[in-house]
Amino acid sequence: MKNVKILGTGCANCKNTLALVEAVAREKDVQITLEKVEDLPSIMNYGVMSTPAVVIDNVLVHAGGVPSRGKVEGWF
Amino acid sequence: MSTIPIEAPPAKLSHWLIGVALAALAWFAAYSQLASFADWLVQALSLSRQTHFGEAVHFFLYDTPKVLLLLTGIVFVMGIVQTFFAPERTRALLSGKRVGVGNVLAATLGIVTPFCSCSAVPLFIGFLSAGVPLGVTFSFLISAPMVNEIALVLLFGLFGWKVAALYLGMGLLVAIVAGFVIGKLKMEKYLEDWVQKIQAGQLAPQLGETMGWVERFEAGWAHVRDIVGKVWPYILLGIGLGAAIHGYVPEDFLASFMGKDVWWAVPAAVVLGVPMYTNAAGIIPIVEALIGKGASLGTVLAFMMSVIALSAPEMIILRKALKPTLIATFAGVVATGILLVGYVFNAVL
């Protein structure tokens, strides 16, 4: 079970990222827990500068913009 | 990780190169035919440019493809340029720079670094935590939305290189001086408490992604789909409004209250611009039409800068990290800068 956090202040790109991760995980039949982190101090704790960012099992794997589908597939 | 098949990069790169070359040719061919295309279409609709409606339609049919072509071209190029200037890279370039040099560099990097107002706060704090001074950070934050490639290329396309260069110079000057002044005011204590705490904190881990040219071209194309896909309704709306002004508002009608000699026009334009929020692409067609009807360039540019740089939504976002005093100072300093730009433009042109 992977824990995936989407960091972002709720802009359209953050929602797109969340939907993409969810869709890819379902396609690949990978069990994940998806969390949205919208509160700024927590986002900044991961040290990212551009959102949306993606954290998997507490490791930052992506920052700045919606990740490409290929990239997301590579995570699972 | 290894499940993704990797295509041979050289073959793919050549596809991109040929595609981009062909697209560039088509672009230049289309761009050179804009006026005849609009004339032909107006005739085909059996309208006359002598009528208000015909003239408005002509404006719309000429400006829409022109603006869309310019926008697509520049957004593609900038999408590639931006792959060289990730925020992390810009921050590394800025950290440890002295005030002064740092402000100039920050304002300049603001043109090429990808920026979206929804990322303003993380970027702001990321800069501060890397030791970029507050004033230098503000220079970046003012320049990034205001002096952007879309504004510049549209001004260039619609008004020529002189106006675009003046806008570039003046926009950078406002960003540099405003950031410098905010730095001199020593306002670090007006950051929200949680921001002050984080300042001593950690740096973002570098993701260490290396990019080849195929990825850069792909990023350029993604940028086109993202930006053009997002702003085209604003552009159509802007050109529509512009066309209506162009066709129906009498010549020199605006000179009486948006002209050079009206001293209160510039401040009024700035105040009017704050609650309005659109992007450069939507506002410039309106600017073009206003100027055609006797509004002076300084007044209209002040309006445009105010709409883009001093937006209420961005201030609401920044409020999460800045105390009201600092937001008010930021707005005050930038507004003063824009006012000066408006008066200077009106005086010299």
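This note goes through a sheet in chain A and a pair of helices in chain B.

1. The model is predicted: local features need pLDDT of at least 70, side-chain atom pairs count only at pLDDT 80 or more, and totals for chains, interfaces and linings use all residues. Residues are numbered from 1 along each chain as its sequence is written, while chains are lettered from A and ligands numbered from 1 in the order in which they are written.

2. Chain A holds an open sheet of four strands in the order β2-β1-β3-β4, with mixed pairing. Strands here are DSSP runs of E with at least two residues, and helices are runs of H or I with at least four, numbered from the N terminus; two strands pair if DSSP finds at least two bridges between them. In chain A, β2 (32–37) and β4 (59–63) are the edge strands, each with a single partner, so one side of each has no neighbour in the sheet.

3. Strand β1 (residues 2–7) of chain A runs parallel to β2(A), and six bridges join the two. Within β2(A), A:Leu34 is the residue opposite A:Val4.

4. In chain B, helix α11 (residues 213–248) has 36 residues and spans 49 Å from first C-alpha to last, close to the expected 52 Å (1.5 Å times one less than the number of residues). A kink of about 40° lies at B:Trp232, shortly before the proline B:Pro233; the bend is the angle between axes fitted to the seven residues ending there and the seven starting there.
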